Structure formats: C-alpha cells, structure tokens
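Morning, everyone. I have one model to walk through, and I'll keep it brisk. Please look at the sequence and the structure while I talk.

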Amino acid sequence: IAQLVSRLYDPEHGRILIDENNLIELNLFDLRNSIGYVTQEALLFSDSIANNISFGCQKKTNINSIKNVAKMASVHENIIGFKEGYNTQIGERGVTLSGGQKQRISIARAFIRKPKILILDDCLSAVDTKTEDQILKNLKEVMRSCTSIIISHRISSIKHAEQIIVLEEGHIIEK
C-alpha cells in the first residue's frame, strides 16, 4: 500500500484516489514531494545530523526547526549528548548510531517536511516501548495536518489509529 501511494509502482487493477483525484493523474514530482515516507531501514548519509534531518527540504531550514522535530521524534536528548551535537558527523548509513537513533532521525526528517501524507513503514521497530509511546504521542500533533499510514507488526504502534486494516499475502483479511 505504501509503495502504491507513493507510486513506486501503479496498481494493476482499480485505482487509488487522493482527495477524489486519481493518483495516476497527479504530477509525480508534486505527489512525492508531498509525502513523508519513513521505512524500517533508515537511509542516512555521511554528513552532519542536522543535514540528515533537513535533507530533501525544499526551503532552507533553521536549527530551531531541526531541534523541534528532533524533540518530536524523541532523539534530541541523544543528539545533544554527542560531543558536537547537531554538527556530529555520522558515517555512511549512520554507522555511528544505534538502530533506534537512525530510525528516529529518519522520522524527524519526515516531520520537518510537513508532509500532506505521512507513511511510517515499521519504523518504530528498533525503539523501546517507552520511546515509541512518546513518539506516537508527538505524532498526534503531526497527524492533525496530514493523512497518516502506519504500518506495524506491533499493536502498540497502531492502537490509536482511526482505522486498522490487517493484510495477509496482499489481501485485506480484517478491518
């Protein structure tokens, strides 16, 4: 579903509507620019933490905005614990960070873009339940202004969802 919504591929049958518009008829650049997509496997670059968070933003971001979304993603305290804080250089693919830190930096990157559609694809799997609860609490603020799709194997990640769909082998088996 996440790949269909982001048009990584198009449906073989039927259609997907966003605001009553057929997804295939929307400008691909504009569509993808309006999506914040966080996967389980964080994609980070050999650059500073601040630049990793602001990567892909269309407009210049300031450090206060970066810190704000880092707080929302529950990673700010970790970042300020590093010797160089937000200027800390992380190795290729974030090799110097834990799995949970990588995921939370990726979540902050999605938050800073203020997407119209937010897709979280099992991106809380490497964080403990206390941190997950804090991120989900903060996520409620973000979700007020966008459509959110949360993909998870953990019930705790989706328990507050408006609608829960259970898929098995590509088919909806429960709603």
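Predicted model: local features only at pLDDT ≥ 70, side-chain atom pairs only at ≥ 80, totals over all residues.

Let's start with the helices. Look at helix 4, residues 63-72, and helix 6, residues 99-112. They pack together, and their axes are 8 Å apart. The angle between them is about 125°. Is that parallel, perpendicular or oblique? Angles of 65 to 115 degrees count as roughly perpendicular, and those over 145 as roughly antiparallel. At about 125°, then, helix 4 is oblique to helix 6. As for handedness, the two helices make a right-handed crossing.

Stay on helix 4 for a moment. K71 sits in that helix. Its relative accessible area is 47%, so K71 is partly exposed. Exposed would need over 50%. Now go back along the chain to S54. K71 and S54 are 17 residues apart in sequence, and their C-alpha atoms are separated by 14 Å.

Next, charges. How many salt bridges does the count give? It comes to one. The partners are R7 and D10, joined through their side chains, with 2.7 Å from N to O. The cut-off for that pairing is 4 Å. Are these two residues buried or exposed? R7 has a relative accessible area of 15%, so it is buried. D10 comes out at 34%, so it is partly exposed.

Now the backbone. Most residues other than glycine have a negative phi. D19 is not a glycine, yet its phi is positive, at about 50°. D122 is not a glycine either, and its phi is about 55°.

Where do they sit? D122 is in the loop that runs between strand 4, 117-121, and helix 7, 129-143. Look at their surroundings. D19 is exposed, because its relative accessible area is 70%. D122 has 12%, so it counts as buried.

Take V38, in strand 3, residues 35-38. Its relative accessibility is 2%, so V38 counts as buried. What separates V38 from R109? In sequence, 71 residues; in space, 8.6 Å, C-alpha to C-alpha.

Then I79, which lies in helix 5, residues 76-81. I79 is buried, with a relative accessible area of 0%. Pair I79 with K116. Those two are 37 residues apart along the chain, and their C-alpha atoms are 27 Å apart. V38 to R109 is 8.6 Å over 71 residues. I79 to K116 is 27 Å over 37 residues.

Last stop, the surface. Which residues make the nonpolar patch? They are I1, I165, L167 and I172. The patch covers about 370 Å². Pick out I172, in strand 7, residues 171-174. I172 counts as exposed because its relative accessibility is 52%. The cut-off for exposed is over 50%.

To recap. Helix 4 is oblique to helix 6, and their crossing is right-handed. R7 and D10 form a salt bridge. D19 and D122 have positive phi. And I172 is part of the nonpolar surface patch. That's my tour. Over to you.

Terms used. Residues numbered from 1 in each chain as written. Heavy atoms only, no water. Patch = residues over 30% accessible without salt bridge, like charges linked within 9 Å, V, L, I, M, F, W, Y side chains within 5 Å. Areas by Shrake-Rupley, 256 points an atom, 1.4 Å probe, with all protein chains shown as cover. Helix = DSSP H or I, 4+ residues; strand = E, 2+ residues; numbered from the N terminus. Buried < 20%, exposed > 50% of the residue type's maximum accessible area, 1.4 Å probe, protein only. Axes fitted to C-alpha atoms, helices over the stretch in contact; angles between N-to-C directions. Parallel < 35°, antiparallel > 145°, perpendicular 65-115°, else oblique. Left-handed = near helix turned anticlockwise from the far one by under 90°.
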